[in-house]
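I opened this notebook to record what I looked up, one topic at a time. The entries follow the order in which I took them.

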Amino acid sequence: MNTPKVIPRVALQQSRTAIQLSLHLNALRNANRSTFVRSASGKSLGDNRVRDQPKKKRKARIEFKQYSLKDAEQYSLCDAMRYIKAFEVGRPPTSPKYDLAVKLRTIKNGPTVRNRLRLPHAVDTSIRICVICPPDSKHAEAAKKAGASVVGEDTVFDAVKAGRIEFDRCICHQDSITKMNKAGLGRILGPRGLMPSAKFGTIVKDVAVSVKGLIGGSEYRERNGVLRMAVGQLGFTPEELQANIKTFMGEIKKDIALLSDKVNKEIHEVVLSSTNAPGFSLNGDFRSPTSPSSRDLSVT
């Protein structure tokens, strides 16, 4: 008969202690695993806790971001024209256009600047103008003589609804407002910026004067804190381009002054570019000591 093996009391106690210590170490290791185990990069896995926490939301910017001009390279008008002409070599003098971008320091979602002006030297004289007025009236005859390319009421409405928008600007005589509104052109012309509106001065009493003002005129509108407009043709002399830029800048300052006192808009930077050339930041000078002569820049 086999007698059961008796385990000494001391060994049994030591075994229990070892088991308890092992369980305690496992619990401690699982609770603080990130402090004992490190990733291959050497960073504690506990760093993941910080990354997993929701990030604080950045405060939304209320103004359009404009970069400092302290170290920016800027050019006189004649120098900018010289470099732009180098990019436009071989192109017709009336095809490429000088474009001016005026960057503003202004708040987002605030009132914007929008207007129309007639430059001293017209940039685009091929603009097509539509006049909505009674076709057999004296206003229609005056509009045609002034240079309007499309004149009428029902014929204009039908053409627009059919998708034939063969004009670049549209004005309406006061007598045709009701008929135009009933035609429901707003959903078609509105998104294109062609819908006549009293706010923008395209619902008029004297259509002939308005047509003459539009021919050779230019429109500008602030988008994302920037005003852009074509200010000249490649064949313009520096003096002609300077006159157009001065007129444009003067109108912008007037528009800003008409805004509410609570709205702060300031001109930050003026950039001259062309159809195929990059932009050159202007420093406000007409020429520099190394600028070519106006005569040389006038040769195309």
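**Helix α4 and its neighbours**

I looked up what the buried residues of α4 pack against, and found β1 (97-105), α10, β9, β10 (280-281) and α11 (294-298). Contact here means heavy atoms within 4.5 Å. The helix covers residues 77-87, and its buried residues are Leu-77, Cys-78, Asp-79, Ala-80, Met-81, Ile-84 and Lys-85. Buried stands for under 20% relative accessible area, exposed for over 50%, and partly exposed for what lies in between, with a 1.4 Å probe and protein chains only.

**What I am working with**

I note that this is a predicted model, where local features need pLDDT of at least 70 and side-chain atom pairs count only at pLDDT 80 or more, while totals for chains, interfaces and linings use all residues. Residues are numbered from 1 along each chain as its sequence is written, and side-chain values use heavy atoms, with hydrogens and water left out.

**The chain as a whole**

I counted 11 helices and 10 strands in the protein chain. Helices (H or I, at least four residues) and strands (E, at least two) are DSSP runs, numbered from the N terminus. Of the 300 residues in the protein chain, 35% are buried. I also looked at contacts between residues at least 6 apart in sequence: 78% of them join residues at least 24 apart.

**Lys-265**

Is Lys-265 buried or exposed? I find it buried, at a relative accessible area of 6%. Lys-265 sits in the loop between α10 (238-258) and β9 (266-274). Its side chain makes a polar contact of 2.8 Å with the side chain of Thr-106, and another of 3.0 Å with the side chain of Glu-222. A polar contact is a pair of N or O atoms within 3.5 Å; within protein, one must be able to donate a hydrogen and the other to accept it, and residues adjacent in sequence count only if both atoms are side-chain atoms. Leaving aside residues up to four places away in sequence, I list among the residues that Lys-265 touches Leu-104, Arg-105, Pro-111, Ile-256 and Leu-259.

**Two asparagines with positive phi**

Most residues other than glycine have a negative phi. I noted Asn-109, whose phi is positive at about 60°. Asn-109 is in the loop between β1 and β2 (114-118), and counts as exposed at 84% relative accessibility. Phi of Asn-224 is also positive, near 55°. Asn-224 is in the loop between β7 (217-223) and β8 (226-233), and is exposed at 64% relative accessibility. I looked up one distance as well: Asn-224 and Lys-108 are 116 residues apart in sequence, but 7.6 Å apart in space, C-alpha to C-alpha.

**Helices α5 and α9**

Helix α5 (residues 138-146) packs with helix α9 (residues 207-214) at an angle of about 20°, their axes 8 Å apart. Axes are lines fitted to C-alpha atoms, for helices over the stretch in contact, and angles run from 0 to 180 degrees between N-to-C directions. I record which residues make the contact: His-139, Ala-142, Ala-143 and Ala-146 of α5, with Val-207, Ala-208, Val-211 and Lys-212 of α9.
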